[in-house]
Amino acid sequence: MPASSVATPSAFIQQRNLVEQVADYLTQAIIEQRFAPGERLSEVQLARDLGVSRAPVREAARLLESRGLLVSQPRRGFFVRALDAGELADIFDLRLCLERHAMERLAGACLPETLAALRRQVEILCEASGSGDESRRIEEDLAFHRLLIASAGNRRLLRTFDDLAHELRLCITLITKTHEAPESIAESHHLLLDALASGEGPRCREAIDYHIGVARDYVVRGIDGARE
């Protein structure tokens with residue numbers, strides 16, 4: 001095989017980095033709803049807009065399909081995933097299982113430094129909520145819940161949460177758009193900290209059930225209302 005036809009390791013790495021960059025751009029655009037749910041993505045237009053070939057755009061789209069942000073249709077291409085009420089309920093149900101387990105593991109065993117780190121993250125989240133930067137607020141919200149999961153000390157639990165995080169970004173975006181007072185979302189995390197500080201298992205479970213249950217209800221109600 002001619003040497004010129006063999007991809008070098010550096011070329012492969014550069015290509016993978018390009019795919020990730022395109023994937024990050026598309027993820028951000030979907031979260032900000034620059035692409036509407038159900039909208040078809042044009043590989044040709046995206047490649048032209050981003051100044052790349054169609055190959056990394058196609059690979060990035062496949063990556064986002066695996067993350068639950070896009071869906072593909074044979075001979076039609078990729079479309080932004082439009083979550084229905086049932087799918088949203090499933091996502092929140094899994095999220096509740098993960099975070100409830102984390103809270104139960106931490107109840108009565110949350111170290112002072114862990115609680116301090118969570119408090120700092122809530123302060124960052126509240127500051128981001130007041131900045132008007134929705135993308136940052138979403139990332140800081142996820143960062144708090146990821147820290148909560150990581151603090152439970154179960155790596156497989158954390159890996160499952162990370163796999164779910166891409167779909168959670170869509171869900172948090174919907175919470176913001178359907179919540180009457182988005183700034184109160186950040187402040188509601190203080191109730192979780194109070195429960196952890198108490199060291200009481202039932203209180204921790206009740207706090208996380210309420211926190212995620214309210215978020216789920218806002219989103220599902222917003223989706224149902226949009227169809228009426």
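A residue counts as buried under 20% relative accessible area, as exposed over 50%, and as partly exposed in between, with a 1.4 Å probe and protein chains only. The exercises below use a predicted model, in which local features need pLDDT of at least 70, side-chain atom pairs count only at pLDDT 80 or more, and totals for chains, interfaces and linings use all residues. Residues are numbered from 1 along each chain as its sequence is written, and side-chain values use heavy atoms, leaving out hydrogens and water.

**Exercise 1. The whole chain**

Describe the make-up of the protein and how much of it is buried.

Solution. Start with the elements, which are DSSP runs numbered from the N terminus: helices (H or I) of at least four residues and strands (E) of at least two. The protein has 10 helices and three strands, in the order α-β-α-α-β-β-α-α-α-α-α-α-α from the N terminus. Next, burial: 41% of the 228 residues count as buried. Finally, take contacts, meaning heavy atoms within 4.5 Å. Of those between residues at least 6 apart in sequence, 69% join residues at least 24 apart.

**Exercise 2. The setting of Val57**

Find the element that holds Val57 and list what this residue touches.

Solution. Val57 lies in helix H3, residues 54–66. Its relative accessibility is 3%, so Val57 counts as buried. Leaving out residues up to four places away in sequence, its contacts are Val22, Glu43, Leu46, Ala47 and Val52. Now look at Val19: this residue is 38 residues from Val57 along the chain, yet their C-alpha atoms are separated by 6.9 Å.

**Exercise 3. Two helix pairs**

Work out how H6 packs against H4 and against H9.

Solution. Two packed helices are described by the angle between their axes and the distance between the axes. Here, axes are lines fitted to C-alpha atoms, for helices over the stretch in contact, and angles run from 0 to 180 degrees between N-to-C directions. Angles under 35 degrees count as roughly parallel, over 145 as roughly antiparallel, 65 to 115 as roughly perpendicular, and the rest as oblique.

- Helix H4 (residues 85–106) and helix H6 (residues 134–151) have axes that come within 8 Å and cross at roughly 55 degrees. H4 is therefore oblique to H6. H4 contributes Arg95, Leu98, Glu99, Ala102, Met103 and Leu106 to the contact, and H6 contributes His145, Leu148, Ile149 and Ser151.
- H6 and helix H9 (residues 189–198) pack at about 15 degrees with axes 12 Å apart. H6 is therefore roughly parallel to H9. On the H6 side, the contact uses Asp141, Phe144, His145 and Leu148; on the H9 side, His189, Leu192, Leu193 and Leu196.

**Exercise 4. Positive phi**

Locate Gln33 and Arg75, and state the phi and exposure of each.

Solution. Take Gln33 to begin with: this residue is not a glycine, but has a positive phi of about 60 degrees. Gln33 sits in the loop between helix H1 (9–31) and strand S1 (40–41), and at 33% relative accessibility counts as partly exposed. Then turn to Arg75, also not a glycine, with a positive phi of about 65 degrees. Arg75 belongs to the loop between strand S2 (70–73) and strand S3 (77–80). With a relative accessible area of 86%, Arg75 is exposed.
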